[in-house]
Amino acid sequence: MSAKKKVKVSKKSSPTRRSGILPPGTKAPNFSLHSTPDQSVSLSEFRGRPVILAFYPADWSPVCTDELSLYNQILPEFQRFNAEIFGISVDGSWSHVAFSKDRNLKFSLLSDFEPKGKVASMYGAFSRQTGEAERALFVIDHNGKIRLSYLSPDGVNPGADGLLDALEQIYPEKKGAKMQVASSA
């Protein structure tokens, strides 16, 4: 029997723009990336609904695992806004498939593998020094406009408060009590 508990999300970082990444108000660049070795997803397919892009450095790393697991756990909160969330890193699609299966993720991970970091670069979230995507969050509204952009320090899980706050500001009619999520323990 699983107990209900309120999901705690980090408020360590405020969602403000840091130099280098695309700022709020910018039209989100379209892209197409592999979600599996034989399937692709294009941002333009989701016009008419909000999209969350969570760029992260690497599958299997501790902070990335925690971040993506949190988003998976509070997926019903994103769904309340009809928002689609995608994790994006430069890892290959086979790594994403294995990682997603291991973590039981219910949202797609997109491979920005070839050419390496092209989409992360378009959003200003690629580190040439490490050859990885930086830990960056974007909320894109139903018209394809970036409404939140946030670059987190690499070793810090940015949590989800900023994402939920941005969605509530864009869609105030859907603002309401936070849902409770069943504990997995």
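The buried residues of helix 1 in this predicted model are Cys64, Thr65, Glu67, Leu68, Leu70, Tyr71 and Asn72, where buried means under 20% relative accessible area, exposed over 50% and partly exposed in between (1.4 Å probe, protein chains only). Helices (H or I, at least four residues) and strands (E, at least two) are DSSP runs, numbered from the N terminus. Helix 1 has twelve residues and spans 16 Å from its first C-alpha to its last, close to the 16 Å expected at 1.5 Å a residue; the expected span is 1.5 Å times one less than the number of residues.

**Basis of the values**
- Residues are numbered from 1 along each chain as its sequence is written, and side-chain values use heavy atoms, with hydrogens and water left out.
- Local features need pLDDT of at least 70 and side-chain atom pairs count only at pLDDT 80 or more, whereas totals for chains, interfaces and linings use all residues.

**Nonpolar cores**
- A nonpolar core is a set of buried Ala, Val, Leu, Ile, Met, Phe, Trp, Tyr and Cys residues joined through side-chain atoms within 4.5 Å.
- The largest such core holds 28 residues, of which Tyr71 and Phe78 touch the most other members.
- Two or more residues of this core come from each of strand 4 (51–55), helix 1 (62–73), helix 2 (75–79), strand 9 (136–140), strand 10 (146–151) and helix 5 (161–170).
- Helix 5 supplies the largest share of this core, five residues.
- A second, separate core of 26 residues includes Leu53, Phe86, Val90 and Ala120.
- In soluble globular proteins, nonpolar side chains tend to be buried together.

**Helix 5**
- Eight of the ten residues of helix 5 are buried, so the helix is mostly covered.
- These buried residues are Asp161, Gly162, Leu163, Leu164, Ala166, Leu167, Glu168 and Ile170.
- They pack against strand 4, helix 1, helix 2, strand 9 and strand 10.

**Individual residues**
- Contact means heavy atoms within 4.5 Å; neighbours within four places in sequence are left aside for Phe78, which contacts Ile52, Tyr71, Ala83, Ile85, Ala160, Leu163, Leu164 and Leu167.
- Phe138 lies in strand 9 and is buried, with a relative accessible area of 0%.
- Leaving aside neighbours within four places in sequence, Phe138 is in contact with residues including Ile21, Leu22, Val51, Tyr123 and Leu148.
- The C-alpha atoms of Phe138 and Pro24 are separated by 8.6 Å, although these residues stand 114 residues apart along the chain.
- Ser89, in strand 5 (residues 84–89), is also buried, with a relative accessible area of 0%.
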